[in-house]
Amino acid sequence: MLWKLLVTSVRPYWPLLAGVVFFQLAQSIANLFLPALNADIIDNGVAVGNIDYIWQVGGIMLGLSFVQVICAIVAVFFGAKLAMRVGRDLRGQIFGRVGSFSENEVQHFGAPSLITRSTNDVQQVQMLVLMSSTLLVTAPFMAIGGVIMAMQQNVTLSWIFVIAIPVLLIAVSLIIVRMVPHFRRMQKRIDAINRIMREQLTGMRVIRAFVREPQEKARFGAANAEVTDSALRAGRLMAAMFPIVTVVLNLSSVAVLWFGANLVDRGQMQVGALTAFLTYLIQILMAVMMATFLFVMVPRATVSADRIGEVLETDTSVAVPLNPIRELRERGVVELSDVTFQYPGAEQPVLSHVSFSVKRGTTTAIVGSTGAGKTTLLNLLPRLYDASTGTVAVGGVNVADLDLDELWKRIGLVPQRPYLFSGTVATNLRYGNPDATDDELWEALRIAQAREFVEAMPGQLDAPIAQGGTTVSGGQRQRLSIARALVRKPDIFLFDDSFSALDTATDARLRRALSTSVADATVIVVAQRVSSIVDADQILVLDDGVIVDRGTHAELLESSQTYQEIVSTQLRAEDAA
């Protein structure tokens, strides 16, 4: 997966890669000629006292050094640019893919893991691209070229390469193989630490209210210790690499000087040639050492690439139709026919053989006990999930055949847990319609019974909203979410228990305002308060994923035992209050 991901990511930027390769080759060629020129100066200049020759060859060496420096700077610049663009593209691809996921895929990976994959994992691959751009050409070229150039100086000492290089490669390979499992565990444990941190930040009020700070510190400490343990184990192996390289380098240098000195003493080798051979040996082993830096990053980048690939190769269960329909036959009409839905891995379906229809301009309420499947039923309409069997139709068209943008444009959803984004009141409301005017925003706020408290906020429409809407109360958050849906002006409104945080008086005013402002739209509402749905055109009573009764409030009071129990329970609660 790593090499496939790298090839796919680098391919659009082949000119940059070609520039990196060209300048690295130029740098390496210049570097290889320098020891030979140095040997020439020693043997033909210093040894015979030829000052002019020293200046002449020294000038060539100075020019090559200058070329080497320039090429190294340009190669690193191009390599960094290539790595940054690859990282940018990978993050964009992950974000785009996650944006197409249904709830099933998001829950499968988990939000903390998706965040880690788009940040830490991408960074590991990005760093590998940077190191590869800097070393991938230089290291092998320097190693192979160094062997050739060293053999030109003296073939007799070349046996040292036959021993030193394999020993170094085998030692490094054994260490890398042992590092891979540690890096794999480390990435999973980073997911865990991100999950715990996110839970603690989101649930800070609950933690403090129940005085759970010591327990949460211990939980985070345990996760932190696991990450540290994996990092230390990998770090110890990584630390063992460099002493091995240093020992092999030093022993090889001693061998060259020992056996080379004997050759010089017998007149079979010149001093300059011995110096050049030693320099080439150091270059070869340094090239292997540079490759070691690269090899250190490969295991962790491989794990990260596998995790990124899992996201990019996962197809959403909400498949995009090949030939999507972009026009509805009837605006505002909703129909479910024999719909059954079962979560992946669940033993029993959440919804079983659900069938009902909703006409435009009518209000349908869904009631039932906790866990009856009300929210799941509502989520099938905007295709947050796809029905396991049966047909869900909006506007006379099966949602599986409808263009997703067209479907979502027709629906205004207010979820059970309203979420506001960091920004201002206006930016949150314009999620529903980016082109909405301020007057339209104020009108939506008026209908949602939110205008009064927004006018009292500093900045009004420009008042800041924190991530998740933590700067406003639960009831205010619900009303702003309702206003956001109203700004969209859709054909179908889906309210998933969106009035639970409102007091009775505000709830009544909001519903009266809604009844006139959305008279032409279809309204489907999941409700807990029976008193707020008595005027609904149709009430569906859901029990264990099955519609057990349906009708108006008056009809259900006469014919539905389940509905009667819900009403009587709420009346007793109100009397007790």
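## Loop residues with positive phi

Gln460 lies in the loop between α15 and β8 (464–465), where helices (H or I, at least four residues) and strands (E, at least two) are DSSP runs numbered from the N terminus. The phi of Gln460 is near 55 degrees, a positive value in a residue other than glycine. Gln460 is partly exposed because its relative accessible area is 34%; buried denotes under 20%, exposed over 50%, and partly exposed the range in between (1.4 Å probe, protein chains only).

The model is predicted, so local features need pLDDT of at least 70 and side-chain atom pairs count only at pLDDT 80 or more, whereas totals for chains, interfaces and linings use all residues. Residues are numbered from 1 along each chain as its sequence is written, and side-chain values use heavy atoms, with hydrogens and water left out.

Gln449 also has a positive phi, near 60 degrees, and is a residue other than glycine. Gln449 is placed in the loop between α14 (438–447) and α15 (451–455).

## Strand pairing

Strands β1 (residues 334–341) and β4 (residues 389–394) pair in the antiparallel sense over 5 bridges; two strands pair if DSSP finds at least two bridges between them. Within this pairing, Leu336 stands opposite Val392 in β4. In a regular strand, side chains alternate between the two faces of the sheet.

β4 also pairs with strand β5 (residues 397–398), in the antiparallel sense and over 2 bridges. Val394 has Val397 in β5 as its bridge partner. The hairpin of β4 and β5 has 2 residues between the strands, and Gly395 there takes a positive phi near 65 degrees.

## Ser357 in strand β2

Ser357 is located in strand β2 (residues 351–358). With a relative accessible area of 45%, Ser357 is partly exposed. Leaving aside neighbours within four places in sequence, Ser357 is in contact with Val334, Glu335 and Gln538, contact being heavy atoms within 4.5 Å. Ser357 and Ser337 are 20 residues apart in sequence, and their C-alpha atoms are 8.4 Å apart in space.

Gln200 belongs to helix α7 and counts as buried because its relative accessibility is 12%. A polar atom of the Gln200 side chain lies 2.9 Å from the backbone oxygen of Glu216. A polar contact is a pair of N or O atoms within 3.5 Å; within protein, one must be able to donate a hydrogen and the other to accept it, and residues adjacent in sequence count only if both atoms are side-chain atoms. Not counting residues up to four places away in sequence, Gln200 touches Ile207, Glu216 and Phe220.

Lys188 is likewise in helix α7, but Lys188 counts as exposed, at 55% relative accessibility. Between Lys188 and Phe141 there are 37 Å in space, C-alpha to C-alpha, and the two are 47 residues apart in sequence.

## Nonpolar surface patch

Trp159, Val162, Ile163, Val167, Trp258 and Phe259 make a nonpolar surface patch of about 640 Å². The elements that give two or more residues to this patch are α7 (159–202) and α9 (213–265), and α7 gives the most, with 4 residues. Patches consist of residues with over 30% relative accessible area and no salt bridge; like charges are joined within 9 Å, and nonpolar side chains (Val, Leu, Ile, Met, Phe, Trp, Tyr) within 5 Å. A salt bridge is a side-chain nitrogen of Lys or Arg within 4 Å of a carboxyl oxygen of Asp or Glu. Accessible areas come from the Shrake-Rupley method with a 1.4 Å probe; for residues, only the protein chains shown count as cover.

Val162, one of the patch residues, is in helix α7 and is exposed, with a relative accessible area of 60%.
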